[in-house]
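Good morning, and thank you for coming.

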Amino acid sequence: MGSRGIAVTITIDALRVKIYMGRRQSRIRPVATVRMILGPVLRPILAILGVTGTAASVLLLCIGFFADGARDPDRIRYMMATVQLEMLNKALERYRADCGRYPRTEDGLDALVMDEKTGGWHGPYVPRVPLDPWQSLYVYRLSGYAPRVVSYGADRAPGGEFFNADLSTISAARPVLESPYELRTNRILLAVWLSAWPLLGASLYSFISASRADRPGDATKRSTLQSP
């Protein structure tokens with residue numbers, strides 16, 4: 001083969017390489033163009049989302065670590081009723097120590113405040129007869145020699161469960177399990193706390209990706225991809 005044939009072969013190979021590179025660049029150039037157009041817009045958005053998501057997730061994690069569980073409002077009232085029942089029970093014991101007996105059922109708790117011409121009465125034993133925390137009257141009964149002061153709880157009716165159950169000077173110290181409200185709220189708080197972990201990871205990844213988008217090597221790569 002002469003020099004002319006070699007030159008023709010080289011020219012054909014060069015055309016093939018040029019065609020291949022042109023096709024390759026035609027595939028790469030649209031991607032590079034999209035990155036070049038959307039990159040300056042998306043990077044600040046990713047950075048803002050990363051910072052905001054990181055702050056929110058850290059806040060949720062701190063709340064989950066240090067916050068107490070949810071409390072039913074009736075639990076506070078239950079504790080207040082326990083204190084009032086203890087106070088009334090002590091007042092009844094002082095009444096008995098002075099008068100030699102407990103107030104009769106028909107006298108009620110008013111006997112602790114007003115003198116019913118009972119011998120030895122040195123009251124009042126309480127400033128006034130309080131309402132229970134649910135704004136109902138305490139019920140007083142004298143069965144045999146044992147007095148009993150009762151609150152009907154949150155539902156203001158005999159019986160019931162959780163904070164609707166009756167409280168009395170006999171059963172006031174009984175512990176109450178988590179109510180349905182407390183159980184449901186604590187489960188929601190646990191789910192939110194667990195979801196804060198993947199939110200933290202995604203936010204950090206977004207922030208790091210946005211901060212590394214303008215490193216020196218990126219400009220060189222973009223210029224290389226865009227060059228013919």
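I shall go from the overall layout to the sheet, then to the core, and end with a single residue.

Please bear in mind that this is a predicted model. The protein has four helices and three strands. Followed along the sequence, these elements give the pattern α-α-β-β-β-α-α. Of the 228 residues in the protein, 28% are buried. The protein exposes about 15400 Å², and 65% of that area is supplied by carbon and sulfur atoms. As for the contacts with a separation of 6 or more, 54% of them are made by residues 24 or more positions apart.

Let me turn to the sheet. The three strands form an open sheet in the order β1-β2-β3, and the pairing is antiparallel. At its edges lie β1, residues 139–143, and β3, residues 167–168, each of which pairs on one side only. Strand β2 covers residues 146–151 and is joined to β1 by five bridges.

The largest nonpolar core contains 23 residues. Helix α2 gives the most to this core, with eight residues. Which residues have the most contacts inside the core? They are Leu-109, Leu-112 and Val-149. Leaving out residues up to four places away in sequence, Val-149 touches Leu-85, Leu-88, Leu-92, Leu-109, Tyr-138, Val-139, Tyr-140, Leu-167, Ser-168 and Thr-169.

I come finally to Gln-84, which is placed in helix α2, residues 73–99. Is Gln-84 buried or exposed? Its relative accessible area is 17%, and a residue counts as buried under 20%, so Gln-84 is buried. What is Gln-84 in contact with, once its neighbours within four places in sequence are left aside? The residues are Pro-130, Leu-131, Asp-132, Pro-133 and Tyr-138.

Notes: Residues numbered from 1 in each chain as written. Predicted model: local features only at pLDDT ≥ 70, side-chain atom pairs only at ≥ 80, totals over all residues. Heavy atoms only, no water. Helix = DSSP H or I, 4+ residues; strand = E, 2+ residues; numbered from the N terminus. Buried < 20%, exposed > 50% of the residue type's maximum accessible area, 1.4 Å probe, protein only. Contact = heavy atoms within 4.5 Å. Pairing = 2+ DSSP bridges. Areas by Shrake-Rupley, 256 points an atom, 1.4 Å probe, with all protein chains shown as cover. Core = buried A, V, L, I, M, F, W, Y, C linked by side-chain atoms within 4.5 Å.
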